[in-house]
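Colleague: I am new to reading protein models. Could you take me through one, feature by feature?

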Amino acid sequence: MKASKYNIFSVTEQGKETVFNTMTCALAEIDDPFKKLYRNIDTINMNEITNEQFELLSAMKEAGFLVEDFIDEKKVLKYQHYMGKMNQSIFGLTIAPTLACNFACPYCYEDAGMGAMSEEVQDALIENVKKMASHGRDIEITWYGGEPLMALDIIERLSRAFMEICDTYKKKYSAFIVTNGYGINDNVISRLKKCRITGAQITLDGGPKTHNERRILKGTGGSTFDKILKNTKHLKQEGFNVNIRINVDRTNFDEVNDLVDIMIDNGLKDLPTGLGHVTAYTEVCSSVAESCLDMEEYAALNNDFQKLLYEKGMLAHIYPYYPGVKANYCCADTLGAFVIDPEGHMYKCWNDVGYTEKAVSTIQNFEAPDEKMFHLGLDYLMWTPFDHAKCEDCKYLPICMGGCPYKGMAAGNEPDCEKWRYNMKDIIELTCENNPEGIHS
Ligand code: SF4
Ligand code: SF4
């Protein structure tokens with residue numbers, strides 16, 4: 001037996017000694033018997049240990065703090081990573097039926113310039129979904145834009161076809177929508193239900209004042225906060241799984257407190273609510289770069305936010321927000337996931353939508369993309385932290401996996417450390433604070 005490479009030891013402000021393992025995400029308070037066994041693990045004679053020591057050793061092994069000598073944890077991690085990348089059980093499509101939007105947000109990276117999706121592109125989509133379902137793949141759709149509700153008729157036509165295909169091939173079908181929430185009404189809700197869309201993500205930008213300055217109606221510049229709030233309640237009452245994303249930067253984080261109060265006053269206490277890290281990803285939104293938080297600042301604010309949600313009795317999934325083990329990062333480094341624009345260009349990353357030179361295929365030519373596109377797709381798919389010295393021996397690797405591939409590649413092939421690298425110690429502290437009886441792996 002030997003110690004795991006992925007143990008992180010720390011001491012809380014109250015003097016509790018802890019160990020967290022990033023391979024399993026187990027966290028335990030440690031005491032002298034733990035430390036003694038851990039220190040002597042290389043030389044311990046299993047025939048000479050007491051029953052208590054044996055039990056403790058077994059628990060340490062189960063939690064991943066100790067591993068058998070023959071286990072190469074990095075190799076296991078690498079295996080899981082490539083298995084995750086090459087997962088073929090799901091065909092996941094994020095579809096933008098239009099890039100048009102009824103809002104004009106200053107940081108938005110979608111640059112409209114294409115019309116709505118033509119029937120020819122829709123038919124190519126249907127054909128490929130059929131092929132994938134017939135090969136045994138479940139179908140997962142996220143409707144995206146622009147503002148996808150501006151092309152609801154296209155969503156309906158495609159949904160009908162996808163549902164029929166999945167019913168025919170007995171494959172699972174699931175659908176979700178990312179919307180600004182402005183266009184929700186009774187008629188839209190009933191149409192979304194017929195499309196088997198069960199969940200929605202809606203974005204708010206702080207309290208009413210800032211939100212109304214940023215998420216403005218195109219053309220009139222009119223405010224949108226009250227209507228979005230009302231529509232969010234409506235969606236929730238109709239049984240949709242709604243989650244709220246609050247976009248934050250240096251200028252609006254202090255409004256989050258008031259916003260949470262408004263949500264509570266409006267009966268939205270039980271909606272999963274998270275922060276969106278506004279980042280100047282593309283040229284379209286580079287004007288907001290100065291107000292963006294860096295990852296270290298964002299990680300600290302995220303902890304404060306989780307604490308706020310907890311203290312106000314909001315649903316915060318689990319508190320504190322806790323990491324999970326990642327095989328790979330996102331759709332960009334997964335074989336069976338694509339983002340599709342209205343003209344049928346297929347991308348690996350949401351941020352590339354509309355930049356056709358970043359397309360890795362087209363839905364019309366999905367199985368035989370041109371060579372240049374194919375190799376661009378390979379750049380994303382094969383992006384791996386295992387190619388980077390700074391990640392190879394990093395203890396956070398199992399919960400970070402090298403961070404966002406888009407940011408990593410944009411930074412000249414430099415992996416972008418996830419927030420856990422900056423806030424894990426605080427998360428351990430908060431977890432201990434909220435489990436005064438002690439924590440067990
Ligand atoms: S590469 Fe980064 S920005 Fe693109 S989809 Fe993945 S996480 Fe999002
Ligand atoms: S990106 Fe940073 S935190 Fe993530 S594995 Fe690499 S070095 Fe570690």
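**Reading a predicted model**

Modeller: Start with one residue. Phenylalanine 65 is buried, because 26 other C-beta atoms lie within 10 Å. Keep in mind that this model is predicted.

Colleague: Where does phenylalanine 65 lie?

Modeller: Phenylalanine 65 is in the loop between H2 and strand E5 (66-67). Setting aside neighbours within four places in sequence, phenylalanine 65 is in contact with Ser4, Asn7, Val19, Asn21 and Met60. Tyrosine 38 is 27 residues away from phenylalanine 65 in sequence, and 8.8 Å away in space, C-alpha to C-alpha.

Colleague: How do I read the helix before that loop?

Modeller: Begin with the general idea. An α-helix has 3.6 residues a turn, so residues three or four places apart point the same way. Now the case here. Helix H2 covers residues 51-62, which is 12 residues. From first C-alpha to last, H2 reaches 16 Å, close to the 16 Å expected at 1.5 Å a residue.

Colleague: Which residue with a positive phi follows H2?

Modeller: Glycine 64 does, with phi near 90 degrees.

Colleague: Which residues other than glycine have a positive phi?

Modeller: Take two cases. Arginine 196 has phi near 55 degrees. Its place is the loop between helix H6 (186-194) and strand E9 (197-204). Asparagine 413 has phi near 70 degrees. That residue lies in the loop between helix H14 (405-410) and helix H15 (420-433).

Colleague: Is asparagine 413 buried or exposed?

Modeller: Count the neighbours. Asparagine 413 has 11 C-beta neighbours inside 10 Å, so it counts as exposed. Arginine 196 has 15 other C-beta atoms within 10 Å, so it is partly exposed. The cut-offs are 12 or fewer for exposed and 20 or more for buried.

Colleague: Now the whole protein. How many helices and strands are there?

Modeller: The protein has 15 helices and 14 strands. Its radius of gyration is 24 Å, close to the 22 Å that the globule rule gives for 441 residues, so the protein is as compact as a globular protein of that length. The C-alpha trace spans about 75 × 50 × 40 Å along its principal axes. Of the 441 residues, 37% count as buried.

Colleague: Which domains does the domain assignment give?

Modeller: It gives domain 1 (2-74) and domain 2 (85-311). Their centres, taken over C-alpha atoms, are 43 Å apart.

Colleague: And how do I read a ligand shell?

Modeller: List the residues around it, then sort them by class. The shell around ligand 1 includes Cys330, Trp350 and Tyr406. By class, that shell has nine nonpolar residues, one polar and no charged. Ligand 2 has 13 residues around it; Cys391, Cys394, Cys400, Pro415 and Cys417 come nearest. The shell around ligand 2 has eight nonpolar, two polar and three charged residues.

Methods
Residues numbered from 1 in each chain as written. Chains lettered and ligands numbered in written order. Predicted model: local features only at pLDDT ≥ 70, side-chain atom pairs only at ≥ 80, totals over all residues. Near = placed C-beta within 6 Å. Nonpolar A, V, L, I, M, F, W, Y, C, P; charged D, E, K, R; others polar. Domains from an automatic or database assignment. Helix = DSSP H or I, 4+ residues; strand = E, 2+ residues; numbered from the N terminus. Expected span 1.5 Å × (residues − 1). Rg over C-alpha atoms; globule rule 2.2 N^0.38 Å. Contact = placed C-beta atoms within 7 Å.
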